[in-house]
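Please keep the sequence and the coordinates at hand while reading.

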Amino acid sequence: MSQPALTYRLGDRLVGRLGYGAMQLAGPGVFGPPADEAKALQVLREVVAAGVRHIDTSDFYGPHVTNKLIKQALYPYPDDLCIVTKVGARRDDKANWLPAFSEEELTRAVEDNLRNLGLDVLEVVNLRAMFDAHAPAEGSLEAPLEVLLKLKERGLIRHIGLSHVTPKQVADAQKMTPIVCVQNLYNLANRQDDAMIDELNKQGIAFVPFFPLGGFTPLQSGELNDVAQALGATPMQVALAWLLQRSPNILLIPGTSSPQHLHENLASADITLPADALAKLNAIGKA
């Protein structure tokens with residue numbers, strides 16, 4: 001089986017399909033500062049030094065923590081660096097995740113992201129649906145999208161994406177504006193978006209899965225571990241390699257606060273899964 005192509009278009013940018021998610025740089029529960037700020041800054045610098053040009057973040061990580069770290073570590077940014085952020089949620093002082101869909105909240109979120117990242121325009125802003133905290137749930141995104149379109153007209157946003165959404169929400173949003181990416185939970189064990197991925201691939205739209213090892217049963221984890229051991233790789237590397245081979249429009253954003261794990265994750269791009277391993281892995285999602 002051939003090595004998968006390792007670049008894909010995200011908005012106006014051609015990015016490597018292995019990016020970096022900044023969420024884990026915040027404190028426990030994605031709240032507060034990191035335990036080791038110097039290490040967090042080191043990881044970000046190594047991300048860019050390794051050639052990664054797609055960083056996923058949000059000002060509600062911390063809140064404000066990851067964006068300020070990104071600016072401190074990387075500003076002024078490489079011209080080809082694509083920073084993607086999210087709006088639609090906020091944190092209260094008890095670290096709860098709450099919807100933030102009003103015009104005032106969305107406008108403030110975009111302005112906060114711009115200020116804390118040190119940018120004049122956000123390359124891609126994902127609207128995070130918050131109708132259900134645990135799974136995508138139906139609900140109209142028309143009003144918040146109208147707000148983002150106004151901000152786009154003001155020149156504060158270049159492209160719009162969606163996060164935690166259903167196929168209907170994607171189709172409805174596309175009637176209002178081009179959507180450049182969809183970011184949902186998807187991995188070996190959670191394959192509910194298979195049809196969506198294939199449809200987006202036909203349209204040339206990126207799909208960005210989060211939690212590449214989230215929601216595995218002990219049996220599924222055991223099967224993944226067996227395949228990884230046979231290949232001399234880590235389970236995370238195999239899970240990422242499977243996603244890269246699943247569809248060419250999948251962009252990965254594995255997060256870590258460890259330089260060692262960062263380089264292990266990036267090495268997954270060098271793994272081509274043989275047919276027998278792919279068959280075992282494909283069966284995990286049907287277990």
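Axes here are lines fitted to C-alpha atoms, for helices over the stretch in contact, and angles run from 0 to 180 degrees between N-to-C directions. Helices (H or I, at least four residues) and strands (E, at least two) are DSSP runs, numbered from the N terminus. The model is predicted: local features need pLDDT of at least 70, side-chain atom pairs count only at pLDDT 80 or more, and totals for chains, interfaces and linings use all residues. Residues are numbered from 1 along each chain as its sequence is written, and side-chain values use heavy atoms, with hydrogens and water left out.

Two helix pairs come first. The axes of α2 and helix α3 (residues 103–117) cross at roughly 30° and come within 8 Å. That makes α2 roughly parallel to α3, as angles under 35 degrees count as roughly parallel, over 145 as roughly antiparallel, 65 to 115 as roughly perpendicular and the rest as oblique. Asn 67, Lys 68, Ile 70 and Lys 71 of α2 make the contact with Asn 113, Arg 115, Asn 116 and Leu 117 of α3; contact means heavy atoms within 4.5 Å. In the second pair, α8 and helix α10 (residues 275–284) pack at about 95° with their axes 11 Å apart. That makes α8 roughly perpendicular to α10. Here Val 238, Trp 242 and Gln 245 of α8 meet Leu 278, Leu 281 and Asn 282 of α10.

Helix α1 can be followed from end to end. Asp 36 stands at its start, where a side-chain oxygen of this residue reaches to within 3.3 Å of the backbone nitrogen of Ala 38. Ala 40, Leu 41, Val 43, Leu 44, Val 47 and Val 48 of α1 are buried, where buried means under 20% relative accessible area, exposed over 50% and partly exposed in between (1.4 Å probe, protein chains only). Seen down the axis of α1, these buried residues fall within an arc of 155°, so they line one face of the helix; the arc is that of the directions from the helix axis to the C-beta atoms. They pack against β3 (20–21), β4 (54–56), α2 (65–74) and α9. Ala 38 and Ala 49 are exposed on the face turned away from the buried side. Just after α1, Gly 51 takes a positive phi of about 100°.

Most residues other than glycine have a negative phi, and most peptide bonds are trans. The bond from Gly 62 to Pro 63 is cis, with omega near -10°, and Pro 63 lies in the loop between β4 and α2. The bond from Tyr 75 to Pro 76 is also cis, with omega near 0°; Pro 76 lies in the loop between α2 and β5 (82–87). His 164, in the loop between β9 (157–163) and α5, has a positive phi near 65° and is buried at 6% relative accessibility.

Asn 249 sits in the loop between α8 (235–246) and α9 (259–266). Its relative accessibility is 0%, so Asn 249 counts as buried. Leaving aside neighbours within four places in sequence, its contacts include Tyr 8, Ile 197 and Phe 207.

Methods. Polar contact = N/O pair within 3.5 Å; in protein donor to acceptor, adjacent residues only side chain to side chain.
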